[in-house]
Amino acid sequence: MADSNIFNLVSEFKPSGDQPQAIKALTEGVKSGLKHQTLLGVTGSGKTFTAANVIQNIGKPTLVIAHNKTLAAQLAQEYKEFFPENAVHYFVSYYDYYQPEAYMPVTDTYIEKEAMINEEIERLRHATTQALLTRQDCIIVASVSCIYGLGSPIEYEKVNMRIEVGQAISRNDFARKLIDIFYKRTNADLTPGEFRALGNTVEIMPVSEKIVYRIEFAGNNIEHITIIDAITRSVYEDNVPSFFLFPAKHFVTPENEIKRAIKSIKEELADRLAVLEKEGKILEAERLKRRTNYDLAMIKEVGYTNGIENYSRHFDNRAPGEPPYTLLSYFPHKSDGSPDFLTIIDESHVTIPQLGGMYAGDQSRKQNLVDHGFRLPSARDNRPLNFEEVEERLGQRIYTSATPGEYEKEHSKDPAGQARLSAPEGLVDGGQVVEQVIRPTGLIDPPIFVRGVVESGPYKGQIQDFIKETVEVVKGDGRVIATTLTKKMAEDLSEYLKEKKIKAEYLHSDIKTIERIEILTDFRRGKFDCLVGVNLLREGLDLPEVEFIGILDADKEGFLRSETSLIQIIGRAARNIKGRVVLYADNITGSMERAIGETNRRRDIQIAYNKKHNITPKTIIKKIADITEHMKSDHDKAVAADLKRDEKIYKKNPEKLIRIKEKQMNASVKILDFETAALLRDEITVIMQKLKQEEKESNKVIKQEKERSQKRNTL
């Protein structure tokens, strides 16, 4: 039974505008058993605040799904502020870079899997699963990685260790138990998932926390447990009676299960080789035999092989075609197996198609690998859930969007087929649409202007007009956004604006997760004035400082200039009283006409409401929080703080600073102070990377100057 008191919402604001009726309708809808509800909320109307109130009212663990890591990080930060006393966690893919294994038959090219794992995001993933297994008051903000394979929650929970004072265990046996749950032994500085044994003491850094547990032994008993700060080494908590330690990996398989899995893999290999040989695929059969036997030998010897996830069906003891365990498996379920949690799908018009599109692409790639002898057929079962499986495993859903898609519209209807604006009673398979058009701040949707592109020649006209508008906005300390159609255009426009003395940066999908978030934070802080991007700027980015948006090539009909996309882009300017949008176009397309019409419809409702209630619109004031802070380790923060203190020395003589750091690092190693040595090592790495980047930018400027000089000489 849900406990409506488990969440404590903290906010200086009270629901206003359309929020009270939306909160009431959605809460009643969940309580009456509705599976599907849509919150059709305009940009800036406080959909997240409305959802937070519903979470508090319902009192169930909640999954919030976002369509990209940047938006997920922003939502996680907002929910942390709303629920400081509860377990709010961030769960996204831990890859900074990921090139999946693939084979292209046309060119006979095999591409090996290549990945760079972000250890801090992996720590946050473990914190998520551990919270779900130990607490009820969980809000998990996740990307679509929540539908990808994860280890069994039953095995993961089964092998956690309870460590307590007085426990009868020798130091060596204790170390062996840590290795059994995938902790690595080290003699250097600790990172999450590692332990260090010195004398009668063992120090462990849990995979989900930023602290160190120090366990002291007396003979064959645990005598004392202390929690210490990982960086300063100061005591955080002394005389700790006991604590729980979860495994350092999500995929946990007992030894007897490993033997069973190896036997099962060998049986599948024999069956598959018989099929390939019967089809005359001798090369493919030999390739598969060699690779699989090598993987099995590695699993036997070291318990791991590159690509071990392709055998996950055997380790989980699943039947062919049976879906994998995912993050959704860690959420609570009722006795009949049905989900017992709330799901909020943010920016659903983008997230739902994403959830539905993951499976087909994955299966196509895997089938190629199977057909050509690179993988066993069971590799196809290391996969994301298909959409039908996702639908079965999600709890009661609330879709939030300013522009709901067909799926949400269709499922959020009552049995009579009509969208509802008030909560029905006793419906289970029905749904409702709740509209939230009025903003608490009284802000109205921005005015829209259409200006021609070719007044001064192709492309030149819109850029010159955009620059003129930008200069005026920047004078008043406002921010500006430009949206382009391609990454190359975004980069080129950013460089051109810099040449025109406008501080600009570009943002697109090639930029790493944390760097993207840092760019947005710097934009809000005013470190630069103009942000240029493609479609990453459309959904969910909360940038109240933006006063002007220029949509370049608005009449190029297509995905990036569809009605939905245009409404979303326009919405970025709806958080500021000075907000306005210019569509640069020579023709009015159908999408433009519909987007302008819907925006004007909402403006009319908002203006009438403000007039009736005597409301004066106000720009949203939102604290500029660095949403990367909870993604950074204490180690990273310490490195950044030290380098900030050394800025003066760096500016005078960076090479001298490196020599000083190297000398200090060597001195720390000599006295076995590995924590300090590790900090200094990473500081040297950051300084050298910075020098390399500065040299690259300097060479670029020199090259540009040479090109300009050559042009002048030619003229």
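**View 1. S562 sits in the loop between β24 (546–551) and α16 (563–571).** The model is predicted: local features need pLDDT of at least 70, side-chain atom pairs count only at pLDDT 80 or more, and totals for chains, interfaces and linings use all residues. Residues are numbered from 1 along each chain as its sequence is written, and side-chain values use heavy atoms, with hydrogens and water left out. Helices (H or I, at least four residues) and strands (E, at least two) are DSSP runs, numbered from the N terminus. Leaving aside neighbours within four places in sequence, S562 is in contact with E557 and S591; contact means heavy atoms within 4.5 Å. S562 and R594 are 32 residues apart in sequence. Their C-alpha atoms are 9.4 Å apart in space.

**View 2. Helix α1 (residues 19–31) crosses helix α2 (residues 47–58) at roughly 40 degrees.** Their axes come within 9 Å. Axes are lines fitted to C-alpha atoms, for helices over the stretch in contact, and angles run from 0 to 180 degrees between N-to-C directions. The angle makes α1 oblique to α2. Angles under 35 degrees count as roughly parallel, over 145 as roughly antiparallel, 65 to 115 as roughly perpendicular and the rest as oblique. The crossing of α1 and α2 is right-handed: the near helix is turned clockwise from the far one by less than a right angle. From α1, the residues Q19, A22, I23, L26, T27, V30 and K31 meet F49, T50, N53, V54, N57 and I58 of α2. This contact of α1 with α2 has seven nonpolar, five polar and one charged residues. Ala, Val, Leu, Ile, Met, Phe, Trp, Tyr, Cys and Pro count as nonpolar, Asp, Glu, Lys and Arg as charged, and the others, Gly among them, as polar.

**View 3. Helix α2 also meets α3, with axes that come within 11 Å.** The axes of α2 and α3 cross at roughly 50 degrees. That makes α2 oblique to α3. This crossing, too, is right-handed. T48, F49, A51, A52 and I55 in α2 touch L75, E78, Y79 and F82 in α3. By class, the contact of α2 with α3 divides into seven nonpolar, one polar and one charged.

**View 4. F49 and F82 form a tilted aromatic pair.** The structure holds 13 aromatic pairs. Rings of Phe, Tyr and Trp (its six-membered ring) pair if their centres lie within 6.5 Å; planes under 30 degrees apart count as stacked, over 60 as edge-to-face and the rest as tilted. For F49 and F82 the values are 5.5 Å centre to centre and 40 degrees between the planes. F49 lies in helix α2 and F82 in helix α3 (residues 69–82), so the pair ties together parts that are 33 residues apart in sequence.

**View 5. Helix α7 (residues 255–278) packs with helix α8 (residues 282–302) at about 175 degrees.** Their axes are 10 Å apart. The angle makes α7 roughly antiparallel to α8. I258, I262, I265, K266, L269, R272, L273, L276 and E277 in α7 meet E284, A285, L288, K289, T292, N293, L296, I299 and K300 in α8. The residues of this contact divide into ten nonpolar, two polar and six charged.

**View 6. Over residues 417–427 the pLDDT is below 50.** pLDDT is the predictor's confidence in each residue, from 0 to 100. Beyond near neighbours in sequence, this stretch has 26 contacts in the model. Where pLDDT is low, the predicted coordinates should not be read in detail.
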